[in-house]
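Work through these exercises with the structure open beside you. Each task is followed by a solution in short steps.

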Amino acid sequence: MKSLAELQAIREKTLNRINLRKEDEAEATRVVIGMATCGIAAGARPVMLAFMDEISKRGLNHVTVSQTGCIGMCRLEPMVDVILPGQEKVTYVHMTPEKVGRVVAEHIVNGRPVEEYTIGAAEK
Amino acid sequence: MDIYRAHVLCCGGTGCSSSGSAQLIERFEEKIKENGLDKEVKVIRTGCFGLCEAGPVVIVYPEGTFYSRVKVDDVDEIVTEHLLKGRKVQHLVYSDHATHEQNANKGLAEINFYKHQHRIALRNCGVIDPENIDEYLAFDGYKALEKALTSMTREQVIDEILKSGLRGRGGGGFPTGLKWKFAAASVADQKYVACNADEGDPGAFMDRSVLEGDPHAVLEAMAIAGYAIGASEGYIYVRAEYPIAVKRLEIAIGQAREYGLLGKNIFETGFDFDIKIRLGAGAFVCGEETALMRSIEGKRGEPTPRPPFPAVKGLFAKPTMLNNVETYANVAQIILHGADWFAAMGTEKSKGTKVFALGGKINNTGLVEVPMGTPLRTIIYDIGGGIPNGKKFKAVQTGGPSGGCLPAELLDTPVDYDNLIAAGSMMGSGGMIVMDEDNCMVDIARFFLDFTVDESCGKCAPCRIGTRRMLEILERIVNGKGEEGDIEKLENLAKTIKATALCGLGQTAPNPVLSTIKFFRHEYEAHIRDKKCPAHHCQALLNYVIDPEKCRGCTACARVCPGGAISGEVKKPHSIDPSKCLKCGACMEKCRFGAISKV
């Protein structure tokens, strides 16, 4: 027999474990970094570390950083998708750790994509 | 409890199990271990996701990648590519029938099939592991029971259900709150709560899905109902043909007892409640409430006249409150979020959502849950993905053998209890069978009547004899032996049976005939007068012919014909001898030039 408090403890513990299955991403901003062979070779890992560093420095705990595979435009790697809730995905190309600060400050914090780093600008 | 970086959810519902999901899970576990990922990636067997058409279904979180029709041989690729290297396996990702759009980067909620849905009864199906009570608890499980027992009076619980406007999801649509109120008002030393899981309508499987995917939701709701009406015992009457559902219910009941959520003195409030399972042998009539109770008592499953209603004298002659599985699946959510939250969804007289089982000539066969009042068109085209092979929509059958067929003109009808009845059909348990131009409506009526004749228990004459006579007339009509006056005879019989049959089975049995006569009378007339089946479905009324213009004389048809009915010289047009033709259609399938047609 479990008491009410014990049940609540089970709830919280289990929820932590299965949180990643919740699709309720209305609040969450996602940064998705291409980490296939091509991305890694082009320097995606320092870019990802720079994002994680910048995000934790600013205490942006609604932002999740995740990896993805190759989407086929290897010549544009390292590529990073930034998805703000309720907005179209923005894809940045040829990313470097130096560019990360501006993307976080202007796009993730202030909601203005950095046009000149985007795939649209690179493909012109 | 370990934290895993990725979860692989495999559907373990009946649909996907029959397409091999059990082997899939084994293979995943094997491969994940082989690649040293067993500390990082967890495989979970869930309930039904609803999109059975695309099964077996696998979802990988945190990305929410939706893989469909996964075969055992595909598992290696998913493990080594997706789980190991983070590359989604594109060719296995679900693609939309209508748009052919793959949604590798979209969440589940954005797929057309799910976008229009609102899942309350099915909220945990395909999300949690149904064999693990902790996961149910994590998604607010047993919080409603806690709320009811610790902070609400019995009257408040009943009042909340009454105000929510919840109506019985099993078919009748009787207000659930009223049922609870009547049962609560009966005075007796023992009362019972029962759950009707004897789902028997052809094509309906939402109850099975809830029991398989979220069994605790039903247990919790039954305990709440027990508290509300003052019952300490519950019975679940479930078909023996649902072995996975039975097994998961047994596991769930065991876990709930272990946690003290069933048994004596729940939450130390002095409330006792326990649940027993009774297996039904699959008689359709046992879904009728009085027959169901007789069957639980161990007697022959035959209906008895009402009154007395079960709320006064039900199971073992004690007051009993019987609800359907889907009805129960809504209860905990209503207690948790309040009656107003629930009543805000749906139409004026039908609140909340309804689960429909889409089947027949439709692209996305499966389970959908939509708010009441959603138009048929949205359900069939936007969610169901429309009719396969570019065929034309003819009718949709709702309500199973008790319901009727709705034609294309009524596609914009908002679906709720009252609109469907007004249109000559009914909600029933929520089966929705879509028919295209190749379906003969007379034959559909014959099919459903054949079912009810088979399932009639034989206790009352109108149902036992009347439905048999109707079936005989219909069989005559589809065999080209219909007579002038048959339609009127059918209508007359139908009226009498509806008025005089003992239980719901007989009273509704003529509905498929009446509604097809109402909307497709011309098809009946064509069968009777012209001896033609407009849909070219009824074998007795059609002939296969070869168009000499199109025939190249390839002899493919003649070689495949089992009856030797096709003759002709090589490279010259062939012909079919109608007296020898078995009407099997093999020649038509074989012809590469489209020269053979049905007339």
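**Exercise 1. A helix pair in chain B**

In which hand does α17(B) pass α21(B): left-handed or right-handed? Describe the geometry and the contact of this pair.

Solution. This is a predicted model, so every step reads predicted coordinates.

- Step 1: locate the helices. Helix α17 covers residues 441–455 of chain B, and helix α21 covers residues 511–530 of chain B.
- Step 2: read the geometry. Their axes lie 8 Å apart, and the packing angle is about 135°.
- Step 3: name the orientation. Angles over 145 degrees would count as roughly antiparallel. The pair α17(B) and α21(B) is therefore oblique.
- Step 4: The crossing of α17(B) and α21(B) is left-handed.
- Step 5: list the contact. From α17(B) come Met441(B), Val442(B), Ile444(B), Ala445(B), Phe448(B) and Leu449(B). They meet Pro512(B), Val513(B), Thr516(B), Phe520(B), Glu523(B), Tyr524(B) and His527(B) of α21(B).
- Step 6: sort by class. The contact of α17(B) with α21(B) holds 10 nonpolar, 2 polar and 1 charged residues.

**Exercise 2. Another partner for α21(B)**

Find how α18(B) meets α21(B), and which residues make the contact.

Solution. 

- Step 1: helix α18 spans residues 461–478 of chain B.
- Step 2: the axes of α18(B) and α21(B) come within 11 Å and cross at roughly 40°.
- Step 3: α18(B) supplies Met470(B), Ile477(B) and Val478(B), while α21(B) supplies Val513(B), Tyr524(B), His527(B) and Ile528(B).
- Step 4: this contact of α18(B) with α21(B) has 6 nonpolar residues, 1 polar residue and no charged ones.
- Step 5: look back at α17(B). Val513(B), Tyr524(B) and His527(B) also meet α17(B).

**Exercise 3. Helices α7(B) and α8(B)**

At roughly what angle do the axes of α7(B) and α8(B) cross? Name the orientation, the hand and the contact.

Solution. 

- Step 1: helix α7 runs over residues 154–164 of chain B, and helix α8 over residues 176–185 of chain B. Their axes cross at roughly 155° and come within 7 Å.
- Step 2: that angle makes α7(B) roughly antiparallel to α8(B).
- Step 3: α7(B) and α8(B) cross in a left-handed way.
- Step 4: Arg154(B), Ile158(B), Ile161(B) and Leu162(B) of α7(B) touch Thr176(B), Gly177(B), Leu178(B), Trp180(B), Lys181(B) and Ala184(B) of α8(B).
- Step 5: the α7(B)–α8(B) contact counts 6 nonpolar, 2 polar and 2 charged residues.

**Exercise 4. Backbone details**

Where do Pro56(B), Pro307(B) and Tyr142(B) lie? State what marks each one.

Solution. 

- Step 1: the bond from Gly55(B) to Pro56(B) is cis, with omega near -5°. Pro56(B) sits in the loop between β2 (41–46) and β3 (58–61) of chain B.
- Step 2: Arg306(B) and Pro307(B) are joined by a cis peptide bond with omega about -5°. Pro307(B) is in the loop between α12 (289–296) and β9 (320–324) of chain B.
- Step 3: Tyr142(B) is not a glycine, yet its phi is positive, about 60°. Its loop runs between α5 (133–138) and α6 (143–151) of chain B.

Technical notes
Residues numbered from 1 in each chain as written. Chains lettered and ligands numbered in written order. Predicted model: local features only at pLDDT ≥ 70, side-chain atom pairs only at ≥ 80, totals over all residues. Axes fitted to C-alpha atoms, helices over the stretch in contact; angles between N-to-C directions. Helix = DSSP H or I, 4+ residues; strand = E, 2+ residues; numbered from the N terminus. Parallel < 35°, antiparallel > 145°, perpendicular 65-115°, else oblique. Left-handed = near helix turned anticlockwise from the far one by under 90°. Contact = placed C-beta atoms within 7 Å. Nonpolar A, V, L, I, M, F, W, Y, C, P; charged D, E, K, R; others polar.
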